[in-house]
Structure formats: structure tokens, C-alpha cells
Amino acid sequence: MSDQPDTPQPYMPPGYNSPPVPPYMQPAPPAQSAAPVPPYYAQPAAPAAQQPYSQPPQFNAPTYYQGGPGYPGPVDPKGMSLTSMIVGLASLVLVGFLIVPQIVGIILGHMGLKRESPQGRGFAIAGLVLNYLALLIYGIIVGIWFAIVLVAAGSSPSYSY
């Protein structure tokens, strides 16, 4: 026999008086059964006609977490291609206003074709087409502007006083 209580008690530091427990929080007394309960390790007697299991129960293999805190997750297989397409769309909306985004989009499109998975191939091709088209439009606009400036400079009236 030990002097341990039947149910575990929470730790109470010396000199601590816990507040009284309300009656609705009191644990219910255990129900008394007519037959005594055998210990958990006791095996009931098996009938003679009962057959054992034909196969032991199957358990699934544990799944393991791949990676942990601080490790990068999976890389997007089409990030550069998608960025190239978005830059191409923005360049077309802005009618080729600047030349730098088209060049960046073309570089990203070619890098996406070379390095990324086949899932990003369509985005890369679309980005290349859009960026080359925006670059062509930008070149046409700049060419027309230069032509207008040259025509205006050559046909300016000369005033003599």
C-alpha cells in the first residue's frame, strides 16, 4: 500500500489555499457496479469455437513532414514566365511608354523558357510575344516622333527682319 491518492492532485505550493470549488464543478462519485471489474491486463477466456484472426490488423506507415522551420518551401515553377507575361500586358496597356519594362520582360521570358518547368512555358511564350510587340510599338512611336520633329525642323519658316 502506498500513501498516494487514487486520483492525481494538482500541484499546490506551500501556503496556498485554493478557493472552494462550486458544487456544480464537483466530480461525480463513481457509480458502483454489481460485478467487479477485472484489471486491464486480465484476458477474458476465449470460447473454444472462436478462431483467431486470419491476418493481423494493418497500420498505415507514419507520414513525415518534409522540411521544417527556416527551410524554403517549394519554388513556383512558373514565376519568371508569369512575371514576363504581366510586364508585357502592362507595357501594352501603357502603349510602350518606357523601354526598360519591355527589356526586363524579354529577359525574364527567355530565362523562364530556359530554366522553368513545362508548366510555365505558355506564360513565357505569351510574355515574350507581348514584350516584343510592346517594344515594336514603342519603336514605332519614337520613330514617328522623330519624323515629326525632323519635318517640323526642316520646314520652319525663316523670318528676316
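From the N terminus on, the elements of the chain follow the order α-α-α. The structure is a predicted model, and its chain holds 3 helices and 0 strands. Of the 161 residues in the chain, 13% are buried. Among contacts between residues at least 6 apart in sequence, 77% join residues at least 24 apart.

Helix H3 covers residues 121-154, which is 34 residues. At 1.5 Å a residue, a helix with this number of residues should span 50 Å, and the end C-alpha atoms of H3 are 49 Å apart, so the two values agree. The buried residues in H3 are Ala 124, Gly 127, Leu 128, Leu 130, Asn 131 and Ala 134. The cover over these buried residues includes helix H1 (79-93) and helix H2 (100-115). An α-helix has 3.6 residues a turn, so residues three or four places apart point the same way.

Two packed helices are described by the angle between their axes and the distance between the axes. For H1 and H3, the axes come within 7 Å and cross at roughly 30°. Angles under 35 degrees count as roughly parallel, and H1 and H3 are therefore roughly parallel to each other. Their crossing is left-handed. On the H1 side, the contact is made by Ser 81, Leu 82, Ser 84, Met 85, Val 87, Gly 88, Leu 89, Ser 91 and Leu 92. On the H3 side, the contact is made by Phe 123, Ala 124, Ala 126, Gly 127, Leu 128, Leu 130, Asn 131, Leu 133, Ala 134 and Ile 137. By class, the residues of this contact of H1 with H3 divide into 13 nonpolar, 6 polar and no charged.

H2 and H3 pack at about 155°, and their axes are 8 Å apart. With angles over 145 degrees counted as roughly antiparallel, this value makes H2 roughly antiparallel to H3. The crossing in which H2 passes H3 is left-handed. From H2, the residues that meet H3 are Pro 101, Gln 102, Gly 105, Ile 106, Gly 109, His 110, Gly 112 and Leu 113. The contact of H2 with H3 has 10 nonpolar, 6 polar and 1 charged residues.

For the remaining pair, H1 and H2, the packing angle is about 155° and the axes are 8 Å apart. H1 and H2 are therefore roughly antiparallel to each other, and they cross in a left-handed sense. H1 contributes Met 80, Ser 81, Thr 83, Ser 84, Val 87 and Ser 91 to the contact. H2 contributes Pro 101, Gln 102, Gly 105, Leu 108, Gly 109, Met 111, Gly 112 and Arg 115. The residues of the contact of H1 with H2 comprise 5 nonpolar, 8 polar and 1 charged.

Phe 123 lies in helix H3. Its relative accessibility is 27%; buried means under 20% and exposed over 50%, so Phe 123 counts as partly exposed. Phe 123 and Thr 83 are 40 residues apart in sequence, and their C-alpha atoms are 8.5 Å apart in space. Not counting residues up to four places away in sequence, Phe 123 touches Lys 78, Ser 81, Leu 82 and Met 85.

Ala 90 has its place in helix H1. At 37% relative accessibility, Ala 90 counts as partly exposed. Ala 90 and Leu 130 are 40 residues apart along the chain, with 9.3 Å between their C-alpha atoms. Leu 130 is one of the buried residues in H3.

Leu 136 is found in helix H3. Leu 136 has a relative accessible area of 52% and is therefore exposed. A separation of 34 residues along the chain lies between Leu 136 and Gln 102, and their C-alpha atoms are 9.8 Å apart.

Note on methods: Residues are numbered from 1 along each chain as its sequence is written. This is a predicted model: local features need pLDDT of at least 70, side-chain atom pairs count only at pLDDT 80 or more; totals for chains, interfaces and linings use all residues. Side-chain values use heavy atoms; hydrogens and water are left out. Helices (H or I, at least four residues) and strands (E, at least two) are DSSP runs, numbered from the N terminus. The expected span of a helix is 1.5 Å times one less than its number of residues. Buried means under 20% relative accessible area, exposed over 50%, partly exposed in between (1.4 Å probe, protein chains only). Contact means heavy atoms within 4.5 Å. Axes are lines fitted to C-alpha atoms, for helices over the stretch in contact, and angles run from 0 to 180 degrees between N-to-C directions. Angles under 35 degrees count as roughly parallel, over 145 as roughly antiparallel, 65 to 115 as roughly perpendicular and the rest as oblique. A crossing is left-handed if the near helix is turned anticlockwise from the far one by less than a right angle, and right-handed if clockwise. Ala, Val, Leu, Ile, Met, Phe, Trp, Tyr, Cys and Pro count as nonpolar, Asp, Glu, Lys and Arg as charged, and the others, Gly among them, as polar.
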